[in-house]
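Hi,

Here is the structure I promised to pass on.

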Amino acid sequence: MMMQALVYTGPNTVEYRAVPKPVPALGEALVAVEAVGICGSDMHAYHGHDERRPPPLILGHEAAGHVLNGALAGKRVTINPLVVDPACPRALEGRSHLSPTRQILSMPPRPGAFAQFVCVPERNLVVVPDGLALEKAALAEPLAVSLHAVRRGIALLYSPLSTVRCLVQGAGAIGVGAVLALAMEGATDITLVEPNEKRREAAMAMGLAQVVSPAMIDPATQFDLIIDAVGAVATRRDATRLARPGGAIVHVGLLPGLDGLDVRRLTLQEITVTGSYCYTHAEFTEVVNAMALGLLGPLDWYVIRPLSEAAQAFDDLDSGRCAAPKVVLKP
């Protein structure tokens, strides 16, 4: 049997076409995908910059839908795309996202969710509470990334989060999620910096935080906690400059490179820089429940496009024409 899917075929090229429908292995569920977000890592692969994702390949890992077989048949679910051997020592200590056995939907050997159907181990499915739309449930993955990054930063602070000054760099999904997670965790002084005017306007319309351009930040201002949700040379440079002595920088953006960090200042001012990658399964599940309870806001910061028109959506994101932090595709 066949299904429709979006296939990455080479740099800056995706094709909507028929491919074989996947068959679930033992312990796997077949999920009918009803919503799937475009991630920054999908864009990175689309540009041909991710050797872990060679074409041809079905991308997409931020997905929600309903289960067609097994113990969860008929349930509405969202998907934790990190597939890990549960017996791995990293998994047993609660850090499955760091397991060397880790596989991710949208990387070989696991096709992604830009398709009508996707196969996922049953243990990776989280049931979506009643009242939470599946389009919003597809935001669980980037929000879990944001929550994990925020908590990495909180652990490095010397003062309560409610008393410190926070800066989030980038108003994409991870940056917006970081603002929401900071607020949920008790932060009261949050600045969101974004160079793209359309994205700044969109963030302002959400009423999330103080939203500014990089040029609007007073060079004398210093922040206790900085979440770099971009990971570019410019944001690393600004983070190093704006972190207060003894402050913390959480680097969650996945752009390549090392430039931008002022190692001398990091050393003299004892500024801590840490990486943050993905999330634990417990955090993923916690985020789904928080979303359902409204603790992360109305979750109305996405736009919906048909999967069949995804090539245009990729182009709009690439050109900066799309102001929304997230594009959700509907198969």
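Let me start with a loop: Pro-109 is found between β8 (103–104) and β9 (117–121), where helices (H or I, at least four residues) and strands (E, at least two) are DSSP runs, numbered from the N terminus. The peptide bond from Pro-108 to Pro-109 is cis, with omega near 10 degrees. Another cis peptide bond joins Pro-55 and Pro-56, with omega at about -5 degrees, and Pro-56 sits in the loop between α1 and β4 (57–58).

Some ground rules before the rest. This is a predicted model, in which local features need pLDDT of at least 70 and side-chain atom pairs count only at pLDDT 80 or more, while totals for chains, interfaces and linings use all residues. Residues are numbered from 1 along each chain as its sequence is written, and side-chain values use heavy atoms, with hydrogens and water left out.

Two loop residues have backbone angles to look at. Asn-12, in the loop between β1 (2–10) and β2 (13–20), has phi near 65 degrees, a positive value in a residue other than glycine. Asn-12 is partly exposed, with a relative accessible area of 44%; here buried means under 20% relative accessible area, exposed over 50%, and partly exposed in between (1.4 Å probe, protein chains only). Glu-270 also has a positive phi, near 50 degrees. Glu-270 lies in the loop between α8 and β16 (272–275) and, at 62% relative accessibility, counts as exposed.

Next, the helix pair. The axes of α4 (residues 140–154) and α5 (residues 173–185) come within 8 Å and cross at roughly 55 degrees. Axes are lines fitted to C-alpha atoms, for helices over the stretch in contact, and angles run from 0 to 180 degrees between N-to-C directions. The two helices are therefore oblique to each other (under 35 degrees is roughly parallel, over 145 roughly antiparallel, 65 to 115 roughly perpendicular, and the rest oblique). Residues in contact (heavy atoms within 4.5 Å) include Leu-143, Leu-147 and Val-150 in α4, and Ile-174, Gly-177 and Ala-181 in α5.

Now the charged pairs. The structure holds 16 salt bridges, each a side-chain nitrogen of Lys or Arg within 4 Å of a carboxyl oxygen of Asp or Glu. Asp-224 and Arg-244 form one of them, at 2.3 Å, N to O. This pair links distant parts of the chain, with Asp-224 in strand β14 (residues 223–228) and Arg-244 in strand β15 (residues 243–251), 20 residues apart. Asp-224 counts as buried at 13% relative accessibility, whereas Arg-244 is partly exposed at 22%. Asp-50 and Arg-53 make another salt bridge, at 2.7 Å, N to O, and both are buried.

The buried residues of α7 are Thr-235, Arg-236, Ala-239, Thr-240 and Leu-242, and they pack against β11 (165–169), β14, β15 and α8 (263–268).

Last, His-44 is in helix α1 (residues 40–46) and counts as buried at 18% relative accessibility. Leaving out residues up to four places away in sequence, His-44 touches His-49, Asp-50 and Pro-256.

Best wishes
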